[in-house]
Each structure stands twice: as structure tokens, then as C-alpha cells.
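Hi everyone, thanks for coming along. Let me put the structure up on the screen, and then we'll walk through a few parts together.

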Amino acid sequence: MTLGRASQSSDPGDPVSRFCGDVLAPNSIFVFLRQHRDRLFPDSLFADLFALVGRRSVPPSVVATVMVLQRLEGLSDREAVDRFAFDVRWRFAAGVGGWDGAGRTGFVHTVLVDMRERLRRSDRPDRIFEVALTAARQAGLLGRRRVLDSTPLYDAVATMDTVTLIRSAVRGLLTAAGVDQASALRMVLTSGDDYTSTAKPVLDWDDKTAREALIDSRARDGYALLAALDGGEDLPERVTQAMTLLATVLGQDLETGDDAVLRIARKVATDRVISTVDPQARHGHKTSHRGFDGYKGHLAVDPDSEIITDTQVTPGNTGDAEPAPNLISDLTDPPAHSPGTTPAGDPAVYGDSAYGAGEVLEMLHDAGIDIKTKVQAPVAPGGRFTKEKFTVDLTAATVTCPNRVTITIRPITGHARHAGQADFGASCTDCPLRAQCTTSKTGRHITISRWETHLVTARTRQTDPGWKSDYRATRPKVERKIAHLMRRRHGGRRARMRGLQRVAADFKLLAAATNLARLATLDVTHQPQGWALT
């Protein structure tokens, strides 16, 4: 398929153009796209996605406009093409005019699917987000402050229990093996299950013995298949992937009892696969009391213009601090700016206590970025003495307790987060403050973090009234931006895609659409020297 090009001429007498031009607000996203569509995403921007010869595609500038409006309104592909066909505002934004002219009247929904796949396989899958961000940067809307936060993205599949996971993984391996190889593999199955149905086996689920027998038999089928394929040469990649998934499913939930029966383990694996349909989705926790299944969407926002500067998507069990360096890469490794557009002010990063991890504080300090992330205060059970009641002298490598007993810090090697520990041990035996300090038989232990200096400095800094005032005025702005992104359940809070890469691309497209709507609200326009505020 070769590149289709939109018509560059418009009929000023077209009734759709006249009506929308008179009725729509000047800062409407529809007016903004109508005026600047050819500059934001001209057809040539997508030329690398198409062949040099073949049938002409729907003009990519039209498809990109529909994709942006689709993400803003949380529509499915079929709903989006229907809206393009019948909503005059969409036709006005896409520049195709009414239904009786030369403009395109509509296209099938698979065009949107095809465009997303072409973008995903390209060298610049996020080009729509990039052009929106470039326009904001040229208009001087991006300063040097960033606010970070994350939000759950519920997966688009059903979370499976252990029996369903095992049967689905076995069925997937038999399907990937092909008809001939699957026939040979079925000879090693001993449970009597043909694994063709997605329904659970008929069973008295109140009978514990029957449940255990079911789990044991299906698990042994899985291990038998892996043993039959183990050591096989030149296995297709799809078979290898199916084997890996089956092995993961069998290993994460099961344990062998003393009677050699495989049972469900009384634990939850750290990185548990929750669905064979979307193996990258995970159990996640936004708080200790609020769990979800799926992914986490992370974003960085400029608090002054409320433009989203970057997004990341991770499995739901990923901590917020892990993607932080990528979210602020424009501060640590700033892009080249055009003359007169270099942001003023010192860089600063705001975030809640999830971003107050020692490694993040060290990274921000080394990059010369003002640290505006909260750090959790030390806690102790039962209202006992917290770590703050102890005097830690890193220079002398000592810790002094509230009873004025000083202990030398013992270095710890090979630990990812701990650099040392002070063991008070026998000093606690006759201490009059023992009841207020510890209930441990071995006495109180104070652990020293590898980032102890950064943590102490951050805790001291955040007690300053000026720091608190700035934090309270700035950080909540990212919550409002998350509310903008999540206001539609379909494609907002609920992911429309399966797989980490596709969910991340869709989340980035949602951020691009939200940024374009923000540019329209701020009345950004294109002038001969580039993008600028009116």
C-alpha cells in the first residue's frame, strides 16, 4: 500500500466548514486540528510507513486526526469511524468537508488497526506525541520543573485462577506446536482432558480431594509436555514462547507435598503471571489497601503549562521510582533548543513519597536538580522510638541511642540497599528505656541505608515552611492531569490493548491527544517563525 495524500484545497462554501466555523469556539480542539493538521502531522510525516507502489491508503493526516479525537473521547475503532462519517465536527477537523464534495465520506475501522501496527513496527512509534511536544516546546510552554505520578491501567483481559492458567497454557502449547506435532504430544497426556474447551472441567468444587486431584493431573500433563519437548532442536519461536509460559505458570503457583501430590502453594509469587492471554499484566497495588490487575501508567507533567512531557507504562507490580529516570530524561539530558526557546529557571522534580527512594534522590542530586519529592519518615511499631530518635554520625560511623549508648556501625557488604547496621544487643538488657524502644530478644538494630545522607537531607529539607508551601501548590496539578486522562473508562482507566508495548503506545497517544487539546485551550498557533502563543 502506497501513501495517500489529502487534498490541499478546501471549499470555503462547504456547508460543514461554514457551520462549524461559525459555531465552534475558537480554542476548540476541532478548530485547532482544522487549522494546523497539515503542520502537525502532514502526510509526509508517515511516508516511511508505506511502500512506493500499490493501492493508495487513506491519507495519514486524516487517520491521525481521527486517532487523536478517538483517544480524547474514549471510543472504540468502530465508534470512531462512525463518528468521522456522521459528526460534522470530526469532518471539519479532518478537513474533508461535507458529504457531497470530493472529500472522503468514510473508511473501515481496520484502517485504524493497520495504522497503529505500522507505527508500532516503525523507528518512531510515538511520532504523534513528539510533534505535539515539539509544538509546546517551540511555543515556550515547557519549563524546567516536572511533577511525577502514576495511575493504574486495568488490563483488557480476565484474571485467571490456577486451573484456568494451567489449562490455557497447555492448550496454547498444543496450538503452537501445530497439528502433526500436537498429535504426538497428546500421547503423553494422562488426565483425560483434551484441552479444547475453555470451560472449567465438570467437578464437585466443594470436594477438596477432587480439587487436588484435578490440579495434580493437569499439572502433570503440563510437565509431561515440557519433558517431551525438552532438548528438541530447531523448535519454532512460537513453541519456545509457549513452553516458557507453561513452565512459568507451573512454577509460580504449585508445590509438591510430602505425598508427592502437586497442590496450590499457600503463597503468591512475586512476579505472578495472571493471564495467558496477556502474560505481561501483573497484580499491582496503588496503596496497601487498593489492588488492581494490569499495568501502571507513569507520567511527567510541566506544572506551569500542564503539558505532559513524557509517559511510561510498566507492569502493575513495578514501583513508581523505577521509571523516574526515563520520565525526566529531558532534564538530565536536555534536547537542543532553538534560539530564544531555552527554558529559564533551575530544574526541579516534584513527587509523592513513592519517588522519595534513595536511588532517586541520589540521581536527582547528581544531576543538579532541586529535589521536591517527599520522603517517608521512619516508623516503629507500637509507638516505640523511631530511627529519628537515634543520632547517626556517618563521619564517625557511630549511632547513639536515646539512652546515650554509642555503638559503632558494622559494614554490610553485598546488600543492594543496606550499607551498615548498628547492633545494640547486650546494651538493651538493662536499659530503662527498653520497653519504649524494642521487644526483640537480641536488642535494637539500626540499619544504615546506602543513601542515608540523601534521605536525612531530604527529610530535613521538607520541614521548611517554604518547601511545604511550594510542594502543596505544585504537586496536585498532576492529579488533575491524571483525571483528564482517566475520565473515559474505555481507553482511559481500562486499557484497550493487550501487551505492554501496545498499552504503552496507546497511553502515549492518549497523552498526545490531551496535549493537543491543551495547546488549543492555550491558543497556540503557528506563525512564520514557528509555534507560539497568540
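So, how much space lies in the largest pocket? About 600 Å³, where a volume is the space filled by probe spheres set on grid points joined across faces, edges and corners. A pocket here is an open set of points on a 1 Å grid over the protein atoms alone, where a 1.4 Å probe fits, with protein on both sides within 12 Å along at least five of seven lines; lining residues have an atom within 4 Å of a point. There are 23 lining residues, and Gln376, Pro378, Lys387, Leu455 and Arg459 are the closest to the centre.

Before going on: this is a predicted model, with local features needing pLDDT of at least 70 and side-chain atom pairs 80 or more, while totals for chains, interfaces and linings use all residues. Numbering starts from 1 along each chain as its sequence is written, and side-chain values use heavy atoms, without hydrogens or water.

Strand S14 (445-449) gives the most to that lining, four residues. Strands are DSSP runs of E, at least two residues, and helices are runs of H or I, at least four, numbered from the N terminus.

Next, helix H3, residues 60-73. All 14 of its 14 residues are buried, meaning under 20% relative accessible area with a 1.4 Å probe, protein chains only. Just after H3, Gly74 takes a positive phi of about 65 degrees.

Finally, S5 (290-302) and S6 run antiparallel, joined by eight bridges; strands pair if DSSP finds at least two. Ala300 has Asp310 as its bridge partner in S6. Seven of the nine S6 residues are buried, so this strand is largely enclosed by the rest of the structure.

Conventions:
Buried means under 20% relative accessible area, exposed over 50%, partly exposed in between (1.4 Å probe, protein chains only). The expected span of a helix is 1.5 Å times one less than its number of residues.
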